[in-house]
Amino acid sequence: MAIAILLWCIAALIGTAVVAVAAARSRHAMRTVYALCFAACGIALSAALFHLAAGGGAAQTLTLPLGLPWLGAWFRLDALAAFFLVIVNLGGAAASLYGLGYGRHEPAPHRVLPFFAAFLAGMNLVVLADDAFTFLLSWEFMSLSSWALVMTHHREPSNLRAAYIYIVMASFGTLALSLAFGLLAGSYVQYGFEAIRAAEHEPLVAAFVLMLVLLGAGSKAGIVPLHVWLPLAHPAAPSHVSALMSGVMTKVAVYGFVRIVFDLRGDPVWWESMVVLGLGGGTAALGILHALMEKDLKRLLAYSTIENIGVIFVSLGLAMAFQANAMQWAAALALTAALFHALNHSFFKSLLFFGAGAVLTATGERDMEKLGGLIHRMPATSFLFLAGCMAISALPPLNGFVSEWLIFQAVLQSPDLLEWGLRIMVPAVGGLLALSAALAAACFVKAFGVTFLGRPRTPAAERAGEADRFSIAAMAVLAALCLLAGVLPGFVIDGLAPVTLALIGESMPVQASLPWLTVVPIAESRSSYNGLLVFLFIAVSASLAVFVIHRFASRALRRAPAWDCGFPNSSPLTQYTAGGFAQPIRRVFGTLAFRAVEHVDMPPPGDTRPARLTVELHDLVWEWLYAPVERAIGFAAVRLNHLQFLTIRQYLTLVFLALVTLLLALAIWS
Amino acid sequence: MVVIPDILVQGAQMALVLLLSPLLTGFVRKVKARLLRSRGASVFQPYRDLLRLMRKEVVLAENASWLFRVTPYMIFAATWVAAALVPTFATGLMFSWTADLIAIVALLGSARFFLALAGMDVGTSFGGIGSSREVMIASLAEPAMLLIIFTLALLAGATQLSTIAAFMASPEVGLRVSLGMALVALVMVAIAENARIPVDNPATHLELTMVHEAMVLEYSGRHLAMIEFSASLKLLLYVSLIACLFAPWNLAGSGAGPASYAVGAGAYIGKLAAAGVLLALFETATAKMRVFRVPQFLGAALMLGLLATLLLFVSRSL
């Protein structure tokens, strides 16, 4: 049984974590732990893939006598869980493979190894859980183990702050989720998912549940305005853990949302989808604008994760809107697009974080403005990173394009919606999506161009060497998957059919049997896309052009100094920097999104002081939402501090007064 | 065998766009020169330029990487494939279902992605300035283009170009506000995408205002030939796109006889000539904008596209 195999894999991961605590300082610990994680994830991946390929099959359940004594721990493997287990374990296997090489540069392996295995186990458990108690326990386990990984390099003050904000937001999210399950359990206090699914939920309760899930799962996924911890915490961890957090853990959060909203809660109401659409669109646009302003490579990637989560939530919102209007086939299209994008994002975001980790190992730098020219020194890494950049920028024929294309196709089904609010909102959100896709391309031109192209800006960048073979293998596997999922998307869409069938009762038409493996969401006369042929056409016409020109025209080549309009400057500092590259876009969007102000300090003639240009950017979400809360808590804490320094008489009076007040309140209330 | 004529038509289309694109560029230059009362170079000059460049040796900057050498061919391939998928003289081409309008725009996006990277490869400040401005322009032009596609797709019920063209040629279209807005927005996007005046000046060199030319400054020889060729192809693509969407007359349907193909080809050349004259007139009559005025220009296109889409969501008859 697949579920038993999966639980054994999880047990193996937990066992690895426990053993790693004891043995982390020994010489072979690093290799053994990563190899064991790789094997466990690999087996779990095959089990999940097998379950999904067998048509989703019947859901398998298993109860273990753990947890609450009268409940036990329930586990269930259905199509949705199997799909997300594929994401989790593929990312986990790739990260373990990468860790085999990357881990050698880790100064404190005992702070990474136990928690790495535990983190993988936690994510698997969340997806398999079939009762609220197990779900919440695994969720918290996942949060805490990832928090410990963020704390790996805890001597740096910025990491401490990141970990602190993360733990606060994670606790808040779990609180919201537990309240959501409390509401779902109802007055009969049924925590099993089976019972929750069968029960009828009042519309008001269902709406509250949605809001709480948006707070709980949304804060883990990184929805604006709950995203503040993400760009701090994801980059602070070691790079393979960053890849797991960005590429995989955010997907577990998406799983939580889909499980509760589409499976447990019952049918959505139309206005609820507007909330999700609005949040998704805003998240996508704001996330990618932040990424564009960033010069730290790993923080840029973290912000781009926020953008992609926004894209996924827009698609989920569309699915909810269609479902509320009983347009099941369109809902199936939107849900397929959302899940496909989740899968794609786990591929390319892990790949990009691995690349950033390789750069960090080779140069010790995360600041792009101190890098440059790495394409000459790290050819394999830069090629694979470029593949990731192309995929995330939604360029055909790679995978990012296919899922965004499907989302646009879903947007185009929306004029049939009945509600006016939705009809006006959907095209606006579609425009926001198009804007974020274009900005994402700009952002990754910047990321690749400044880091890997041009001339090295510092000696560290000049001395960089190629990454080790494990890291390159992990990146190569993910890059190949990006290409495969882009060229043969029909198989992925067909693999998702049992998932949408179970959640919505409808699935997209079968794709794999179409001629030339074309993707046709509705009908061929309406829209179709064939990644395979586009890839072949580009390859053939490019090779044709190369052949014709080299054969019949000229193949002579001479190296010479750069031209640069006749005034080449030998200093590499004259190259465009990350900030300079984003300046035109900052001028266009910055005043609105960041209240950007430029201060020019121009000394008068005769003064030898250098002229200075400083840019002031504001994180409005932090300043308007979090800073006031922080101030209020600080204010209350300072005031309440007086209570610690009272005399015994005053304490006794206080206790007496409290007693009288409570008794009075009780008397009046009853 | 039904397949062979289909392959022939598709092949003819691919060859046609390749052969005609330098001619269109030359024609626009010629008309512009005549409007300025100079004689101008022959309309066949771009062919000669391309051949000359192809035969010359490449002078490659010392710091240039493999990406810099691969990019011209990638751009050429992506643009050619995109151009081959836009109906020029006939709809329902054999491979028209390979990519819809969204995918065609995304293919051009791929080409731009590589060009912008190539601009940064050598590590000169001119290359950087070009790439940085190009992505700024693209970040506004691409969403505008997608909103235009939304408008057309909502009307025709498809994003497939052949279906949209057939719908636009049918009598049920009528005059619509949203179509007018989409046309204006599409022309604005086409001007920006092809680096024409007032957004960019294809004839300028050594000016701080240039965008496209700054990116390709380090290119020479056959690489430069490929890039110039791709630029011509892209201009032809946008003209064909506007023609097949807003002037879909005399397009031969799938399975038509040779006579209607001939009529279609004749009409297509007429449309190209008309578009060339209009473009030259417009370029002669306007001046180039400052770079930071371009966002306003493209923002207007974006808003027009959004408005056109919204109108359709509000009422199917507008």
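Student: Okay, how much area do chain B and chain A bury between them?
Tutor: About 7,100 Å², with 73% of it on carbon and sulfur atoms. Keep in mind that this is a predicted model.

Student: And how many residues are in contact there?
Tutor: On the chain B side there are 76 residues, and they touch 83 residues of chain A.

Student: Which residues of chain B lose the most area to chain A?
Tutor: Those are B:Trp97, B:Phe113 and B:Phe313, which together make up 11% of what that side buries.

Student: Switching topic: what domains does chain A have?
Tutor: The assignment gives domain 1, covering 269-508 + 577-589, and domain 2, covering 626-669. Over C-alpha atoms, the centres of these two domains of chain A are 49 Å apart.

Student: Now some helices. How do α11 and α22 of chain A pack?
Tutor: Helix α11 (residues 270-293) and helix α22 (residues 578-593) of chain A meet at an angle of about 135 degrees, and their axes are 10 Å apart.

Student: Roughly antiparallel or oblique?
Tutor: Oblique, because roughly antiparallel needs an angle over 145 degrees.

Student: Is the crossing left-handed or right-handed?
Tutor: For α11(A) and α22(A) the crossing is left-handed.

Student: Which residues meet there?
Tutor: From α11(A) you have A:Leu286, A:Leu289, A:Leu292 and A:Met293, and they meet A:Ala582, A:Ile585, A:Arg586, A:Phe589 and A:Ala593 of α22(A). By class, the contact of α11(A) with α22(A) has eight nonpolar residues, one charged and no polar.

Terms used
Residues numbered from 1 in each chain as written. Chains lettered and ligands numbered in written order. Predicted model: local features only at pLDDT ≥ 70, side-chain atom pairs only at ≥ 80, totals over all residues. Heavy atoms only, no water. Domains from an automatic or database assignment. Axes fitted to C-alpha atoms, helices over the stretch in contact; angles between N-to-C directions. Helix = DSSP H or I, 4+ residues; strand = E, 2+ residues; numbered from the N terminus. Parallel < 35°, antiparallel > 145°, perpendicular 65-115°, else oblique. Left-handed = near helix turned anticlockwise from the far one by under 90°. Contact = heavy atoms within 4.5 Å. Nonpolar A, V, L, I, M, F, W, Y, C, P; charged D, E, K, R; others polar. Buried area = accessible area lost by both parts, 1.4 Å probe.
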